[in-house]
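These are my notebook entries on one structure, written down as I looked things up. I keep to strands, a few single residues and one surface patch.

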Amino acid sequence: SALTFDFEVYSKAQNRWLEVSSVSNFEEYQANRLKLRFRDKGDKKTTMVHTLNGSALALPRIVASLLENNQTPEGIRIPKALVPYCGFDMID
């Protein structure tokens, strides 16, 4: 790949960062093998496309990170950004 971004979460239990996903730009490498091109509307020239490769999220690591990093005396506090998707803000 020409460029890769790794997504990581911090594990307090393991005292280290754990990768949960990655996204890579393979530029023309994969497209060349597939002969994958597009035709420009303006000058009608064909050009190789750039391809992206992304992995799904490692759900067990994400759940473990949420549980480990958001503990309070009242329970597990769900981060504000996730509350609209969860429908709740605490796990008692």
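**Basis.** I am working with a predicted model, in which local features need pLDDT of at least 70 and side-chain atom pairs count only at pLDDT 80 or more, while totals for chains, interfaces and linings use all residues. I number residues from 1 along each chain as its sequence is written, and side-chain values use heavy atoms, with hydrogens and water left out.

I took helices (H or I, at least four residues) and strands (E, at least two) as DSSP runs, numbered from the N terminus, and I called two strands paired if DSSP finds at least two bridges between them. Strand β1 (residues 3-11) pairs with strand β2 (residues 16-25) in the antiparallel sense, over nine bridges. I looked up two of the facing pairs: Thr 4 has Ser 24 as its bridge partner in β2, and Val 9 stands opposite Leu 18. β1 and β2 form a hairpin with four residues between them, and Asn 15 in the turn has a positive phi of about 55°.

A polar atom of the Ser 11 side chain lies 3.1 Å from the backbone nitrogen of Gln 14. With contact taken as heavy atoms within 4.5 Å, and residues up to four places away in sequence not counted, Ser 11 touches Arg 16, Leu 18 and Glu 68.

Asn 25 lies in strand β2 and, at a relative accessible area of 21%, is partly exposed. The side chain of Asn 25 reaches the backbone nitrogen of Glu 27 at 2.6 Å. Leaving aside neighbours within four places in sequence, I found Asn 25 in contact with residues including Ser 1, Leu 3, His 50 and Leu 52. β2 also pairs with strand β5 (residues 52-54), in the antiparallel sense and over three bridges, where the bridge partner of Val 23 is Gly 54.

Three strands form an open sheet in the order β6-β7-β8, with antiparallel pairing. β6 (71-72) and β8 (90-91) stand at the edges with a single partner strand each, so one side of each is left without a neighbour in the sheet. Two bridges join β7 (residues 75-77) to β8, and Ile 76 stands opposite Ile 91 in β8. Pro 73 lies in the loop between β6 and β7 and counts as exposed, at 82% relative accessibility. From Pro 73 to Asp 92 I noted 9.6 Å, C-alpha to C-alpha, for residues that are 19 apart in sequence.

Which residues form a nonpolar patch on the surface? They are Leu 59, Val 63, Leu 67, Phe 88 and Ile 91, with about 420 Å² of accessible area together. Helix α2 (residues 59-69) gives the most to the nonpolar patch, with three residues. Leu 59, which lies in helix α2, counts as exposed at 55% relative accessibility. The accessible areas come from the Shrake-Rupley method with a 1.4 Å probe.

How values were computed:
Buried means under 20% relative accessible area, exposed over 50%, partly exposed in between (1.4 Å probe, protein chains only). A polar contact is a pair of N or O atoms within 3.5 Å; within protein, one must be able to donate a hydrogen and the other to accept it, and residues adjacent in sequence count only if both atoms are side-chain atoms. Patches are made of residues with over 30% relative accessible area and no salt bridge: like charges are joined within 9 Å, nonpolar side chains (Val, Leu, Ile, Met, Phe, Trp, Tyr) within 5 Å. A salt bridge is a side-chain nitrogen of Lys or Arg within 4 Å of a carboxyl oxygen of Asp or Glu.
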